[in-house]
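Hi everyone, thanks for coming. Let me put today's structure up on the screen, and then we'll walk through a couple of spots in it.

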Amino acid sequence: MKFLLIAAVINGFLSVALGAFGAHGLEGKVSEKGLDQWGKAVDYQMFHTMALFGTALLMGRIQAGMMTGAGWFFLIGIVLFSGSLYIYAVTEIKTFAMITPLGGLSFLIGWILLGYAIIKHL
């Protein structure tokens, strides 16, 4: 639980910092499409940071391995989805964009595990 809470705090900080960097540091340096991709990466990182935070808090109430799994899938999803979009936004190398769906799949698995744990244990 503590690890996932710390990971959520770090990701929250990074979401804000990377959002500000994208808005102020990348303007005029990357394409409009790149800025859109960057913004999408920031949005999904923050959304799933909140999911990670909520999952970690719920772990105090629901003692199920699915909760830990959900947290890990949210964290992996952040790295794969947002991380690949950040890199793709500044490099435009399509290989990185092909990693993004794996992050999306990780997010979906995290939500399924979280939902199942809540339904089963609350």
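**Aromatic pairs and a helix contact**

So, this is a predicted model, and searching the whole structure turns up 8 aromatic pairs. Take Tyr-44 and Phe-47: their ring centres sit 5.9 Å apart and the planes are at 65 degrees, which is over the 60-degree cut-off, so we call that pair edge-to-face. Both belong to helix H2, residues 32–58, and because they're 3 residues apart there, about one helical turn separates them.

Now over to Phe-81 and Phe-107. This aromatic pair is tilted, with 5.5 Å from centre to centre and 50 degrees between the planes. Phe-81 is in helix H3, residues 65–91, and Phe-107 is in helix H5, residues 100–121, so the pair ties together parts 26 residues apart in sequence. Phe-81 and Phe-107 are both buried. And here's the link: ring pairs join Tyr-44, Phe-47, Phe-81 and Phe-107 into a cluster.

Okay, staying with H3 for a moment. How does H1 pack against H3? Helix H1, residues 2–24, meets H3 at an angle of about 20 degrees, and the axes are 11 Å apart. With that angle under 35 degrees, the two are therefore roughly parallel. H1 passes H3 in a left-handed crossing. On the H1 side, the contact residues include Phe-3, Leu-4 and Ala-7, and on the H3 side they include Trp-72, Leu-75 and Ile-78. By class, that contact has 8 nonpolar residues, 3 polar and no charged ones.

Notes: Residues are numbered from 1 along each chain as its sequence is written. This is a predicted model: local features need pLDDT of at least 70, side-chain atom pairs count only at pLDDT 80 or more; totals for chains, interfaces and linings use all residues. Side-chain values use heavy atoms; hydrogens and water are left out. Rings of Phe, Tyr and Trp (its six-membered ring) pair if their centres lie within 6.5 Å; planes under 30 degrees apart count as stacked, over 60 as edge-to-face and the rest as tilted. Helices (H or I, at least four residues) and strands (E, at least two) are DSSP runs, numbered from the N terminus. Buried means under 20% relative accessible area, exposed over 50%, partly exposed in between (1.4 Å probe, protein chains only). Axes are lines fitted to C-alpha atoms, for helices over the stretch in contact, and angles run from 0 to 180 degrees between N-to-C directions. Angles under 35 degrees count as roughly parallel, over 145 as roughly antiparallel, 65 to 115 as roughly perpendicular and the rest as oblique. A crossing is left-handed if the near helix is turned anticlockwise from the far one by less than a right angle, and right-handed if clockwise. Contact means heavy atoms within 4.5 Å. Ala, Val, Leu, Ile, Met, Phe, Trp, Tyr, Cys and Pro count as nonpolar, Asp, Glu, Lys and Arg as charged, and the others, Gly among them, as polar.
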